[in-house]
Amino acid sequence: LADLLQTLVTAIAVGSLYALIALGYTMVYGILKFINFAHSDIFVLGAWISFTASTFILTKLGSPATPPLWVGGVVLILAMLSCGGLGFVIERFAYRPLRKAPRLNVLITAIGVSLLLQNAGQLRSRELTDGLKLPFGPTPQRMPTLLPDDSETSSVATFRFAAATPDAQPQRVVISLIDVSIVGSALVLMLLLEILVFRTKMGMAMRAVSFNTDTAALMGIPVDRIVSITFVTGAMLAAAAGFLYSLKYPGLNQPAHEIWVLLGLKAFVAAVVGGIGNVRGAVLGGFLIAFIEQFGARYIDTNLRDVYVFAVLILVLLVKPSGLLGTPVREKV
Amino acid sequence: VTPLSALAKDHRPAGAWWRAALPLPLILAVPLLMHFAIGPWAGEFPEKLMIDVGVAIILAVSLNIVNGFTGQFSIGHAGFMTVGGYVAASVTYYGSLLIWGVATRRPEFLGAGEWLLAGGCIAGALAAAGLGYVVGLPSLRLRGDYLAIVTLGFGEIIRVLLQQTQPQLYDLSELTEATASQFVPPPLGGALGFTSIPRYASLFWVYLFAMLTLVAAVRLKISSSGRAFLSIREDEIAARAMGVDITKYKVRGFVLAAFFAGIAGGLFAHSGVILAPKDAGFQRSFEVVIMVVLGGMGSISGAALAAIILTILPELLRDFQEYRLIIYAGMLIAMMIVRPQGLFGVHEIWDFFGRRARRPAAASGVRK
């Protein structure tokens with residue numbers, strides 16, 4: 001039972017990360033109808049900027065043993081702002097010229113942007129000023145601990161189970177502060193997005209553009225601006241996910257490492273399973289994929305964890321091609 | 001009622017049979033020229049590059065059947081290629097072990113080892129084609145992006161499954177003493193990859209298969225199947241109204257593309273590389289998709305030319321070292337913005353010259 005609950009805790013934490021990334025995929029797809037392959041690279045950039053910013057700040061503070069909690073907040077905001085800016089630049093210079101081009105071209109461009117970001121990330125890092133290094137580099141780095149990570153002292157809650165047999169170890173389930181902060185910040189961000197999309201005028205404009213771009217433009221909605229804002233929002237969510245990911249898994253791989261691509265791909269699968277273009281579906285899909293992955297890995301076979309994800313994807317697409325919460329598109333002559 | 005194909009046979013122009021045989025000298029001449037003249041003249045490293053170019057041509061031209069002719073969007077092509085490669089490699093590697101006791105025989109021109117390679121490539125191609133059928137049948141009910149995602153997922157599943165295979169058997173005694181449990185799952189090297197595959201893929205074989213693929217693709221494009229493919233690309237509903245069995249032709253396109261991808265995989269495996277599960281990943285599939293789009297969707301000569309350019313370009317950019325792939329990606333983005341229809345659009349290179357330029361090209365439909 002302890003095992004089951006521990007897997008559940010991990011699945012919820014990982015699921016909220018997937019959901020955050022999936023939101024970016026789904027928002028872009030909803031509006032521009034193309035798969036933004038560069039999204040996972042923005043997520044990676046978010047993680048690496050978090051690394052750079054937190055190392056820099058902690059060095060300035062004289063490397064305290066237990067860093068103050070505000071550092072995490074500052075790093076998160078920095079990562080979100082810089083990735084949001086990058087999202088704006090990408091949309092403006094790579095995707096906007098292709099607004100009227102066939103979708104395949106936009107897709108190839110997205111792959112191109114993704115390659116560009118990955119390989120720019122492989123460049124050797126350079127010292128700018130004062131110990132502030134450019135992020136990225138071909139060597140893996142270790143994220144400094146911003147939140148205390150000792151499972152004994154800093155867990156929010158630890159449940160103990162009596163051992164089944166006298167000679168077995170007593171089992172326990174640890175809900176660490178990191179897991180709680182991941183789920184907490186993810187939920188806050190999702191709630192903000194929900195308000196933005198469904199309760200504000202801006203969100204109404206986004207939904208209108210997503211529904212029919214031309215009609216929305218006729219209604220006086222500044223389509224280009226809305227698309228930009230959508231991109232920036234998606235990029236910021238990805239950056240937040242990158243930050244939270246680097247908290248949970250502090251060993252940061254080089255930006256072009258395939259583990260990042262796979263993570264992005266799973267988040268994308270989550271968006272598709274939930275119904276791409278549907279904001280709530282992305283969240284549902286994120287948790288679903290994480291549950292299947294974590295439980296499958298724990299109870300069936302760890303090595304096949306990626307197979308479960310893609311098998312679920314194919315299954316869902318075959319049964320309900322528009323995803324769990326998606327609305328089917330009718331083909332008209 | 002007389003079937004249309006029989007009617008067509010009656011109306012075949014005189015001399016059609018020798019025109020059909022016309023490409024044969026070309027199919028033989030180009031590989032021989034590459035093998036005996038250009039290869040030795042160019043030296044060892046360019047020769048390796050030329051082999052890569054040949055494999056890339058087969059991959060791009062075959063993916064062009066699905067992506068370019070039928071207008072479907074597959075990004076799992078590397079999956080088919082890798083399956084073909086693994087099948088071909090196990091045929092030649094274990095075959096060589098069984099026949100000669102060693103897997104690293106020095107290949108001689110048209111020697112027994114090279115015929116083993118040809119057999120292995122065909123076996124790999126058939127395996128890939130079978131897989132193409134299995135993948136194609138259910139997933140072709142999906143459209144556009146969803147199909148792309150399924151093929152992507154398929155490639156990833158192949159990759160993960162190949163990682164679960166068992167360690168390779170390294171010599172004859174190991175092979176003969178192996179128990180049944182060592183063959184399920186098959187001993188293909190697992191995550192480390194299939195190593196010490198004999199280097200049977202010479203310039204001759206690579207370009208023989210490349211020429212065969214090219215000629216097959218050109219002839220396919222002007223055949224009735226090819227017309228059906230193109231009609232599906234232009235407008236699925238109109239094609240159905242004209243009596244084109246859409247599912248049948250989509251699956252046919254998938255199987256054909258997978259077949260040639262399997263051949264490419266077989267040649268790739270025998271060109272002196274370690275065949276690894278990550279070759280089935282989507283990064284390699286993307287490379288091929290980029291070639292097809294850059295060449296122009298549906299243009300065979302365009303796909304081949306793009307395959308040549310995109311394989312050589314990274315080598316030419318080697319002087320820029322760490323900026324190499326950044327420049328490559330930048331050029332890709334610029335190309336998509338400046339010339340979205342690719343190098344040749346829907347045309348072929350010969351549409352631009354001579355007497356054929358006046359004739360309406362087979363594929364010069366207006367794209368939406």
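In the predicted model, a polar contact of 3.0 Å joins the side chains of D179(A) and K248(A); a polar contact is a pair of N or O atoms within 3.5 Å, where, within protein, one must be able to donate a hydrogen and the other to accept it, and residues adjacent in sequence count only if both atoms are side-chain atoms. In this predicted model, local features need pLDDT of at least 70 and side-chain atom pairs count only at pLDDT 80 or more, whereas totals for chains, interfaces and linings use all residues. Residues are numbered from 1 along each chain as its sequence is written, chains are lettered from A in the order in which they are written, and side-chain values use heavy atoms, with hydrogens and water left out.

D179(A) belongs to helix α5 of chain A, residues 177-199; helices (H or I, at least four residues) are DSSP runs, numbered from the N terminus. With a relative accessible area of 7%, D179(A) is buried, a term for values under 20%, while exposed denotes values over 50% and partly exposed those in between (1.4 Å probe, protein chains only). Leaving aside residues up to four places away in sequence, D179(A) touches V9(A), A13(A) and K248(A), contact being defined as heavy atoms within 4.5 Å.

The contact between the two chains takes 46 residues from chain A and 39 residues from chain B. Together the chains bury about 3800 Å², 77% of it on carbon and sulfur atoms; buried area is the accessible area (1.4 Å probe) that two parts lose on being put together, summed over both. On the side of chain B that touches chain A, the elements giving two or more residues are α7 (144-163), α13 (282-295) and α15 (324-338). The largest share, twelve residues, comes from α7(B). Across this interface, the rule finds zero salt bridges, that is, a side-chain nitrogen of Lys or Arg within 4 Å of a carboxyl oxygen of Asp or Glu.

Helix α7(B) is largely enclosed by the rest of the structure, because 17 of its 20 residues are buried. The end C-alpha atoms of α7(B) are 29 Å apart, which agrees with the 28 Å that its 20 residues should span at 1.5 Å a residue; the expected span is 1.5 Å times one less than the number of residues.

On the chain A side, N303(A) is placed in the loop between α10 (279-299) and α11 (305-319). N303(A) touches V160(B) and Q164(B), residues up to four places away in sequence not being counted. At 49% relative accessibility, N303(A) counts as partly exposed.
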